Amino acid sequence: MPADPLHRATNTQRSTTSPPPGGPGVSAVEVRRSARRRRTVSAYREGDRTVVLIPARMSEAEEQRWVSVMLDKLAAQESKRVLGDAELAERAERLSEQYLDGKARPASVRWVTNQNTRWGSCTPAEGSIRLSHRLQGMPEYVVDYVLLHELAHLLVPGHGPRFWRLLEAYPRTERARGYLEGVVAADRLPHLPTTRGE
């Protein structure tokens, strides 16, 4: 079968795949350079990787900057999608299978609006998990971390070494914890009045 003339191999000058800035366990980033592309940069998810399309003439430094910008943009778009309780329960099931060998089986997983001092809570005796509505709109890896944290409590009630060993399997634990710590710190900052023109 002849090649599609709109997508000839010669059109893409270089394609590189690299691990993302988030570290191991995060989807790979593939950069595709195109001679046809003059100024625009775009990105999309393709399976377990992110594809970033850039003009062929960009320098390595511009490429790195744009990859970072586009990863942030995609994450922001994805975080605007709010999961319902049913989707949250499905996500919990997937996380349990992936990181806890399916051993954590919650009876219920839902969003709540009455948790303003904690991100999530778990009642092991009932098998119930509740996530604060304040997590809605945060990056998916942060929501996944909090959900996995509460799932681990179904297996280990306290925060001892055994509990933290369960969370070691999740590759974005430290990043998610840092994100949440940043949110808490930002809430503590004094809110300065804005001046005209800002």
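## Basis of the report

This is a predicted model, in which local features need pLDDT of at least 70 and side-chain atom pairs count only at pLDDT 80 or more, while totals for chains, interfaces and linings use all residues. Residues are numbered from 1 along each chain as its sequence is written, and side-chain values use heavy atoms, with hydrogens and water left out.

## Overall make-up

The protein has five helices and seven strands, taken as DSSP runs numbered from the N terminus (helices H or I, at least four residues; strands E, at least two). Read from the N terminus, their order is β-β-β-β-α-α-β-β-β-α-α-α.

Of the 198 residues, 37% count as buried, that is, under 20% relative accessible area, whereas exposed means over 50% and partly exposed lies in between (1.4 Å probe, protein chains only). Among contacts (heavy atoms within 4.5 Å) between residues at least 6 apart in sequence, 40% join residues at least 24 apart.

## Helix H5

Helix H5 (residues 173-188) has 16 residues and spans 23 Å from its first C-alpha to its last, close to the expected 22 Å, a value given by 1.5 Å times one less than the number of residues. Its buried residues are Thr-173, Ala-176 and Leu-180. These cover an arc of only 75 degrees around the axis, and so lie on the same side of H5; the arc is that of the directions from the helix axis to the C-beta atoms.

The buried residues of H5 pack against helix H3 (140-155) and helix H4 (161-167), whereas Glu-174 and Glu-181, on the other side of H5, are exposed.
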